[in-house]
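The entries follow the order in which I looked.

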Amino acid sequence: MNRIKKLLKYLIRDELTAQHRLVNAILVVGIASLFFCTIFDFFIGTGARTFWIMGLLILCFVFSLYIANVKNKPGIAGIILAVSSNFVLMPILFFAEGGKESGMPIWLVLAGLFTWLVVEGWPIFLIYAGDIVMCVILFTAEYNHPELVNKMADRKAEFTDYIFGISTVILIFGIIFKVQSRIYEKRRMQLENKERELTEMNLDLEKANEAKSIFLARMSHEIRTPINAIIGMNEMTLRESSESNILNYAGSIETASNTLLSLINDILDFSKIESGLMKVIPEEYEVNSLINDCYSLLDMRAKGKGLKLKLEYNEKLPTILLGDGVRIRQIITNLLTNAVKYTDIGTITFEVDYIKKEDQRIDLVIRVTDTGRGISQEDIGNIFESFSRADERRNRNIEGTGLGLAITKQLIDLMDGSISVKSQPGVGSEFTTVIPQIVVSKEPIGNIRDKFNARGTTGQNYKESLIAPNARILVVDDVMVNLQIIQLLLKQTLINIDTAESGKKAIELYKDNHYDLVFLDHMMPEMDGIETFIEIKRTDRYVKEHTPIVVLTANAIQGADKEYMAVGFVDYLTKPVQAKELEHVLIKYLPVNLVTMTE
Ligand code: ADP
């Protein structure tokens, strides 16, 4: 009994397809009922011939079971089963078991219905047509030659056969339907469980992702805070020292801290892209300052390596475009930085052009060509993969993470643009990117070389862009050195600066003094920037004066800016605070009558 149970379980095991399990179930039920019929026929004495026919039918079913399971061909087993029972055994039984005046018509229906259950695809229709033809032949033969049919002994035997046929067919189909619906129910339950597991896994993943974002935000904060101090203090050394060896050291610190900062930015960008948080933010931007900034930024680095950075641009380029200028700047800078990094002698050409499209649309075309070491054909397919660095051995002396081009490509994809590369080892490389943009002002940029801002933005050449001796601001940060940096960066602007090292102190100062602008750090112990701001908002002074409050943040995670604006901050500044950005915010929010521009 146990073995039979095991065999049955094996025949309808989960790994099989639903159709396979159905064929097996029908064959098992068929074999069992044929066995039962044979015994029944034996007792009512239908004779040896029927006995043999039933035996043959059982053999045929067992053979089909073999084909379906040992040979693993349930489709063929289904066809063998349907053809043999419909066209061989049924006709024989029809003539042997009493023809139309017996339970045979019911069995013909049973055999026909089986076909629909066990055969798949177009053969069903062939067998169905064959069934109809066969019925016509069988009934016509009985009508014209009744002597061919082995009649039942009497009316009583005929009725018994009807009753037996009907009850057996109901039983067989009943069992098949039950088995089938059990199979489906089991499948449904399994799918439901799988779905539940997947939902739970998804929740876990979401939690892990959230934890990653929090970790990144914290890490970015923790790392940016000391870099802020290094860059700020170093900037003051560069501005105030005139000793050449000190300036040299400070120059090296500046390069190293900027590399560190761009590394952190790359990791943050990469993680944003990975978690689908990177968004393209279209804003109007000036094409000439885009070109100017990128060129100026890399020109110094190229010159430092003895390279020439050549700029070629179409003077008909529209002046103002709508698109994510910040990200396009990042893309160009990445390409130019690589060109400088991987070129030892020669020239780097930075080309900007455009292709006019319908309406106000254009394709901005940026091409960076170098005479550097080039990339081999086998590596060229991988350079846009994250963490992929071509020719690791030859390039080992060049610092890099293999993230730059991966980020570049993802950003370009986000903007529906494209990037292509042509390169020949030892000759050079050419990166071309095409980014769709919308034209805001068609006016051509013209000759922008004259407008180039040759003045450095750091070091001794630094020139502040405003002075505001009558303005008074409050700067709040729990880290002393950050307060010092802002004071030092703004020294030449002559602005009066009060500082507070905690939210509580800031509120006290704010209540007692009038400020034209407040810089408030976000992450502070005890009372953070947002809590402090909420308290400030409750003061009578704020209700009357509506002082603009700018949040200082080391949290460079995407979306943070929106959160700040929602709280009511007028703007935000990311640490490390850059002198130019700081001045930009001051010009924007200080009362106009207090500010004198120096440019
Ligand atoms: P990395 O931080 O290593 O520079 P990138 O993603 O920017 O990472 O570039 C991936 C790889 O592509 C580099 O390691 C380098 O081998 C190759 N590569 C990129 N730009 C150039 C170029 N202009 N000339 C030669 N090789 C380049």
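The notes below go from domains to cores, then to the ligand, then to one residue.

**Entry 1: domains.** I noted first that this is a predicted model. I looked up the domain assignment of the chain, and it gives domain 1 as 2–153 and domain 2 as 197–258. Domain 3 is given as 279–446, and domain 4 as 463–597. I then checked how far apart the C-alpha centres of domain 1 and domain 3 lie, and the value is 74 Å.

**Entry 2: nonpolar cores.** I asked how many residues the largest nonpolar core has. It has 48 residues. Ile291, Ile328, Leu336, Phe350 and Phe431 are the ones with the most contacts inside this core. Another core, of 44 residues, lies apart from it, and Phe94, Ala111, Ile127 and Phe164 are among its residues.

I went back to Phe350 and left aside its neighbours within four places in sequence. The residues in contact with Phe350 include Ile291 and Leu336. Also among them are Cys294, Tyr295, Leu309, Ile332, Ile366 and Val368. I noted that Lys310, Glu312 and Arg367 are in the list of contacts as well.

**Entry 3: the ligand.** I asked which of the 20 residues around the ligand come nearest. They are Asn338, Tyr342, Asp370, Arg389 and Leu405. I then looked up single distances. A side-chain N or O atom of Asn338 is 2.8 Å from an oxygen atom of the ligand. For Tyr342, a polar side-chain atom lies 2.8 Å from a ligand oxygen atom. Gly404 has a backbone N or O atom at 3.3 Å from an oxygen atom of the ligand.

I looked up the cover next: on its own the ligand has 530 Å² of accessible area, and the protein covers 97% of that. The largest share, three residues, comes from α10.

**Entry 4: Thr553.** I found Thr553 in strand β12, which covers residues 549–553. Is Thr553 buried or exposed? Its relative accessible area is 2%, so I recorded Thr553 as buried, the cut-off being under 20%. The side chain of Thr553 makes a polar contact with the side chain of Tyr564, at 3.2 Å. Leaving aside neighbours within four places in sequence, I listed Tyr564, Tyr572, Leu573, Thr574 and Lys575 as being in contact with Thr553.

Technical notes:
Residues are numbered from 1 along each chain as its sequence is written. This is a predicted model: local features need pLDDT of at least 70, side-chain atom pairs count only at pLDDT 80 or more; totals for chains, interfaces and linings use all residues. Side-chain values use heavy atoms; hydrogens and water are left out. Domain bounds come from an automatic or database domain assignment. A nonpolar core is a set of buried Ala, Val, Leu, Ile, Met, Phe, Trp, Tyr and Cys residues joined through side-chain atoms within 4.5 Å. Buried means under 20% relative accessible area, exposed over 50%, partly exposed in between (1.4 Å probe, protein chains only). Contact means heavy atoms within 4.5 Å. A residue is near a molecule or strand if one of its heavy atoms lies within 4 Å of it. A polar contact is a pair of N or O atoms within 3.5 Å; within protein, one must be able to donate a hydrogen and the other to accept it, and residues adjacent in sequence count only if both atoms are side-chain atoms. Accessible areas come from the Shrake-Rupley method with a 1.4 Å probe; for residues, only the protein chains shown count as cover. Helices (H or I, at least four residues) and strands (E, at least two) are DSSP runs, numbered from the N terminus.
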